[in-house]
Amino acid sequence: GSKASEDSTMSMCSKNMESAIRPSSTLPRGGTCRPVAAIEAGMLAGAEIVPGSDAEIVASHCTKDLSWLQPSIDSLATLGTKVIDVHIYSKCGLAPIGAPAGAHLHTLPNLGRNDQVYAEYLATRHHSLPGQVFFLKDSSFHYGGHDFKKYERSAVQMAQELRTRGFSCGRAPPHCGPAGNGSQWHERAVLEAFVLRNYKEKHTQRLRGGAPVNATFNSPTQSIGAWLASVLSQPTYGELRAREVWPVCYGGSFTARREQILRVSAADWAALAKSLSRADNLEEGHYMERSWAALLSPPLPTNVARQLLCHPAVKKAPYSGMLLATVGHHTHKHTQTHTHKHTHKHTHTARSQSLVAWADEYWLARLELG
């Protein structure tokens with residue numbers, strides 16, 4: 001992939017922070033904005049711990065070696081999670097290297113990348129799912145010296161989190177440099193307007209495995225919200241839109257429990273798979289990446305969502321709507337003094353610069369690793 005395709009996104013992220021961040025404007029009752037980690041700890045307090053169960057692995061394969069899969073299976077067994085089947089969906093015309101013995105190999109057209117694979121699996125296996133499913137890209141553990149290596153989470157880490165939640169992401173939330181940390185939580189009102197209209201597909205379109213040559217990157221719909229509304233059934237979309245805060249899992253690898261998967265109908269999963277089959281490299285894939293966690297997680301209690309919304313939200317792609325986890329970098333506008341404003345100006349500049357590197361990390365991984 002070429003870094004040239006990131007230019008327009010970089011320009012959006014490099015504007016001053018008044019443009020790139022929605023400042024915190026609402027405080028929960030009592031006037032205290034608690035750190036995201038503290039809010040999450042409260043959510044997990046008393047949560048039921050679900051033991052490990054039979055599991056399947058769904059691996060989306062293009063070009064990467066899969067020799068990391070068997071060690072992951074072995075490590076899961078130490079937690080009581082028994083992997084009973086491995087399904088490898090190969091899309092790029094290459095035979096997988098390093099696949100575990102006994103893995104089921106499926107060959108699919110090179111359309112929709114990993115997101116289409118997962119939706120297709122969920123549509124066809126809806127009636128016969130195991131207790132939990134790990135959805136993994138072939139590039140999941142191929143970051144090497146790339147900056148995204150520091151966000152990587154092992155299969156064991158995912159399985160451990162899955163015991164107290166119905167979903168777990170294969171990548172930790174990114175850091176926005178030293179000025180503030182990202183979180184998995186996103187403000188739905190900002191996220192649903194997410195688009196990638198300036199993506200320069202000529203640098204990144206992959207023509208492996210018979211992908212259509214003339215397919216365009218941009219979606220016929222105008223945003224992630226419009227796309228979900230056009231594809232999902234009204235009950236599923238209505239339930240999503242009723243939430244003020246969505247979790248988002250970046251990177252394309254995650255795990256979910258059966259009961260969470262079954263909250264979405266087989267017809268909805270099939271509709272998503274069909275929409276994601278329009279092209280190889282498509283805007284809808286970025287929409288779907290931002291939708292998996294919300295579709296596969298229960299809604300947050302309203303009071304918890306409101307606590308999270310006191311945090312500033314990123315307004316620009318690629319992390320539109322992300323609530324920043326660190327408290328203290330934005331002073332509430334009604335109590336800001338002249339001194340605070342002066343300090344704020346320098347904080348804005350520092351965080352603006354770090355947002356450039358932050359978005360750069362996202363696009364470099366997306367272009368090089370699919």
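Residues are numbered from 1 along each chain as its sequence is written, and side-chain values use heavy atoms, with hydrogens and water left out. Because the model is predicted, local features need pLDDT of at least 70 and side-chain atom pairs count only at pLDDT 80 or more, while totals for chains, interfaces and linings use all residues.

The structure contains 3 disulfides, a disulfide being a pair of cysteine sulfur atoms within 2.5 Å. When the bonded cysteines of the protein chain are numbered in sequence order, they pair as 1-6, 2-3, 4-5. Helices (H or I, at least four residues) and strands (E, at least two) are DSSP runs, numbered from the N terminus. Cys33 is joined to Cys310 with an S to S distance of 1.9 Å. Cys33 lies in the loop between strand 1 (21–22) and helix 3 (36–44), and Cys310 in the loop between helix 14 (302–308) and strand 10 (313–314), so this pair ties together parts that are 277 residues apart in sequence. The torsion about its S-S bond is about 80°, and the disulfide is therefore right-handed. Cys33 is buried at 16% relative accessibility, and Cys310 is buried at 1%; buried means under 20% relative accessible area, exposed over 50%, and partly exposed in between (1.4 Å probe, protein chains only).

The sulfur atoms of Cys62 and Cys92 are 2.0 Å apart in a second disulfide. This pair links the loop between strand 2 (54–61) and helix 4 (69–77), which holds Cys62, to the loop between strand 3 (82–90) and strand 4 (104–107), which holds Cys92, 30 residues apart. Its torsion of about -100° makes the link left-handed. Cys169 and Cys249 are likewise joined, with an S to S distance of 2.0 Å. Cys169 belongs to strand 6, whereas Cys249 lies in the loop between strand 8 (245–247) and strand 9, 80 residues apart. With 75° about the S-S bond, this link is right-handed. Cys169 is buried at 10%, as is Cys249 at 2%.

Strand 9 (residues 254–257) is covered on both faces, with Phe254 and Ala256 buried on one side and Thr255 and Arg257 buried on the other. In a regular strand the side chains alternate between the two faces of the sheet. Two strands pair if DSSP finds at least two bridges between them. Strand 5 (residues 132–137) runs antiparallel to strand 9 and is joined to it by 4 bridges, with Val133 opposite Ala256. Strand 6 (residues 167–169) also pairs with strand 9 in the antiparallel sense, over 3 bridges, and Ser168 has Thr255 as its bridge partner.

The whole structure holds 12 salt bridges, each a side-chain nitrogen of Lys or Arg within 4 Å of a carboxyl oxygen of Asp or Glu. One of them joins Arg263 and Glu239 at 3.6 Å, N to O. Arg263 lies in the loop between helix 10 (258–261) and helix 11 (266–275) and Glu239 in helix 9 (residues 234–241), so the pair ties together parts 24 residues apart in sequence. Arg263 is partly exposed at 35%, and Glu239 is partly exposed at 28%. By contrast, Glu289 and Arg290, whose closest N and O atoms are 3.3 Å apart, are buried at 3% and 0%, respectively.
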